[in-house]
Amino acid sequence: MQRTDVIKRTIAEVVADRKKQLSPGHVFAEAFAKDGFDTRVEYDVTITDTLTSSRRKPRYPSRNVLKVVDLSRDPQEFYWHESPPRPGDPVVDGADLRREAANHFHRSPIPPLCTTKTWVQVPDGLWDDPASFAEFINYRLVVRLCTAENVTILRGEGGLLNLPEITRITDPGPFGSTILSACNEVEQNGSTADGLIMNPADYYRLLGSGTLVRDLEENGVFIVRTRLVDAGEAIVGDFGHGALLFDSGRSMISFAEPPPGTFAEPGVALTAEIYERVVLNLPTCFYRVSL
């Protein structure tokens, strides 16, 4: 083996070891070796953002369409946002062509972060094999936490599906699609629709019945597929400029006793938590559409 190949291999091994050491599962498995079932690990990162999928066909979580503000590294107390004109407002010059010119500007305190929590039951004895235990934490507990995070972002307190300021669109208009109609409305408000969150059933129905999904993706629209948006509905908006995910930049994993009804049978359980909250800067650039 040539020296260059040896160096490349060594570097690759160091990088692989570094990634392994940084994984939530590896950190917890090492702590378990010392503390056993009293292990509780607090991370200075949000662990749902630490793992990459090895799937050839990724399915992205809702956090990936949002601009994330890590409050542990970028602390702030307030955020800016806008609201649409109110009845009786004075006429604003140019608002007939630039709707956003008539918006109201606001500064508000960041709302309290929501606790996103999930549970898994550990197969008996798996903790005796550190590598398998770490893999289980990384790709079962953290993946379950990603699902819980989707619930927080979409259906939780302050979740996108619970925000009354997001306008509904049910008429496809001249575009023949409520999605395209919403994309147009976003641009008429001075922004660009760069994200779409929809149910997999609708994604595959549209994928199999025309070119709309391909056209959207080729036009730069980032599509998130999740069962947490009801079939027949979707959220379209300017996620890059018009929404924020405030993130504590902290996480926790520990053994704990789960609430009654969490599992089908008794067993050793792990829980994980992260802390975050989604807000809209530009609610006039988001639409909930009926497909």
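This is a predicted model: local features need pLDDT of at least 70, side-chain atom pairs count only at pLDDT 80 or more; totals for chains, interfaces and linings use all residues.
Student: How many of the chain's residues are buried, as a percentage?
Tutor: Of the 291 residues, 45% are buried, meaning under 20% relative accessible area with a 1.4 Å probe, protein chains only.

Student: Which residues of helix α5 are buried?
Tutor: In α5 (residues 200-207), they are Asp202, Tyr203 and Leu206. Helices here are DSSP runs of H or I with at least four residues, and strands are runs of E with at least two, numbered from the N terminus.

Student: Why do they line one face of the helix?
Tutor: Viewed down the axis of α5, its buried residues fall within an arc of 105 degrees, so they line one face; the arc is that of the directions from the helix axis to the C-beta atoms.

Student: What do they pack against?
Tutor: The buried residues of α5 pack against α4 (178-188), β7 (195-198), α6 (212-218), β8 (222-225) and β9 (233-237), a contact being heavy atoms within 4.5 Å.

Student: What fold elements does the chain have overall?
Tutor: The chain has seven helices and 12 strands. Its C-alpha atoms fill a box of roughly 70 × 45 × 45 Å along the principal axes.

Definitions and conventions
Residues are numbered from 1 along each chain as its sequence is written. Side-chain values use heavy atoms; hydrogens and water are left out. Buried means under 20% relative accessible area, exposed over 50%, partly exposed in between (1.4 Å probe, protein chains only).
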